Amino acid sequence: MNRLPLSILLVEDHLAIARQVLDFLDGLGWQTDHAGTGALAVQLATRNSYDVVLLDLNLPDIDGLQVCRAIKVGAPSNVPILMLTARDAYEDKARGFRDGADDYLSKPFDLREVALRCEALARRHQLHVHQEMRVGPFTLQTREGRALLGDVALPLTQTGFKILLLLCREHPHAVSRSALLQHLWGSQPPDSDALKSHIYALRKQLELAGGAGMLVTIPQLGYRLAFGSAAFP
């Protein structure tokens with residue numbers, strides 16, 4: 001059976017389990033990295049591109065659910081996350097899926113099933129890597145982190161693109177400031193002026209592209225997109 005040549009990040013603090021999984025995946029010819037802590041996992045996942053992240057929930061420094069959220073926010077692409085954990089109650093699984101997990105496998109597990117699920121997640125991800133999201137006059141190419149207003153490309157930073165992406169997903173509703181902070185930085189946001197600075201920069205880019213007034217501030221709440229009567233090709 002021909003297998004996809006995958007790149008895998010394994011996040012597991014139990015060294016015996018980690019070695020067993022890594023040896024098996026290496027035997028398939030896959031490229032593997034290992035992180036024994038949540039902090040290292042986030043660092044690796046936000047600096048490198050992986051086909052799948054295998055994530056244990058019980059880590060020594062950061063809860064696996066927080067790691068999942070941080071990877072989903074900061075990774076260069078929307079990498080699929082397969083949670084490997086002994087927490088097998090329905091509530092645990094529901095919490096994992098709500099926090100961004102793409103699949104769930106309870107310990108103890110068959111390593112052959114781990115491989116099959118990795119391949120399924122990678123194939124599913126590859127089917128959508130070129131998808132475009134269209135909302136009103138906006139076109140967002142999620143894999144490339146590229147956004148257009150009509151035919152005009154917006155030179156956004158990574159953070160600016162993430163803000164615009166969330167606003168488009170929630171349109172026509174407003175997005176609260178707290179939701180934006182969580183979306184961008186998880187449970188450890190920077191100083192209180194950081195979001196304002198990114199919002200200001202995004203608003204200026206929209207204005208330069210002919211979208212003045214599209215990013216609306218809702219007092220005491222947050223922000224939303226308003227297309228009004230503006231016409232774009």
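Predicted model: local features only at pLDDT ≥ 70, side-chain atom pairs only at ≥ 80, totals over all residues.
**The open sheet**
- Strands β6, β7, β8 and β9 line up in that order to form an open sheet of four strands, and their pairing is antiparallel.
- At the edges you will find β6 (132-135) and β9 (152-154), each of which pairs on one side only.
- On average, neighbouring strands of this sheet are turned by 25° against each other, with direction ignored.
- Four bridges link β6 with β7 (residues 138-141), running in the antiparallel sense.
- Helix α6 packs on this sheet, where it touches β6, β7, β8 (146-149) and β9. The direction of α6 makes about 120° with that of β7.

**The annotated domain**
- An unreviewed UniProt entry carries the annotation "domain: Response regulatory" for residues 7-122.
- In the model, the span 7-122 is 47% helix and 21% strand. Its end C-alpha atoms lie 10 Å apart.

**Backbone features to look for**
- Most peptide bonds are trans, and most residues other than glycine have a negative phi.
- Between K107 and P108 the peptide bond is cis, with omega near -5°. To find P108, go to the loop between β5 (103-106) and α5 (111-128).
- H171 and P172 are also joined by a cis peptide bond, here with omega of about 10°. P172 sits in the loop that lies between α6 (158-170) and β10 (175-176).
- Q220 is not a glycine, yet its phi is positive, at about 65°. You can find Q220 in the loop between β11 (215-218) and β12 (222-225). Q220 is exposed, with a relative accessible area of 85%.

**Two cysteines without a disulfide**
- A disulfide is a covalent bond between the sulfur atoms of two cysteines. How many disulfides does the structure hold? The count is zero.
- For C68, the closest cysteine sulfur is that of C118, and the two sulfurs are 15 Å apart, so they are too far from each other for a bond. The cut-off for a disulfide is a sulfur pair within 2.5 Å.
- Are these cysteines buried or exposed? C68 is buried, with a relative accessible area of 0%, and C118 also counts as buried, at 0% relative accessibility.

Note on methods
Residues numbered from 1 in each chain as written. Heavy atoms only, no water. Helix = DSSP H or I, 4+ residues; strand = E, 2+ residues; numbered from the N terminus. Buried < 20%, exposed > 50% of the residue type's maximum accessible area, 1.4 Å probe, protein only. UniProt positions renumbered as here; feature names shortened; annotations may be inferred. Pairing = 2+ DSSP bridges. Axes fitted to C-alpha atoms, helices over the stretch in contact; angles between N-to-C directions. Contact = heavy atoms within 4.5 Å.
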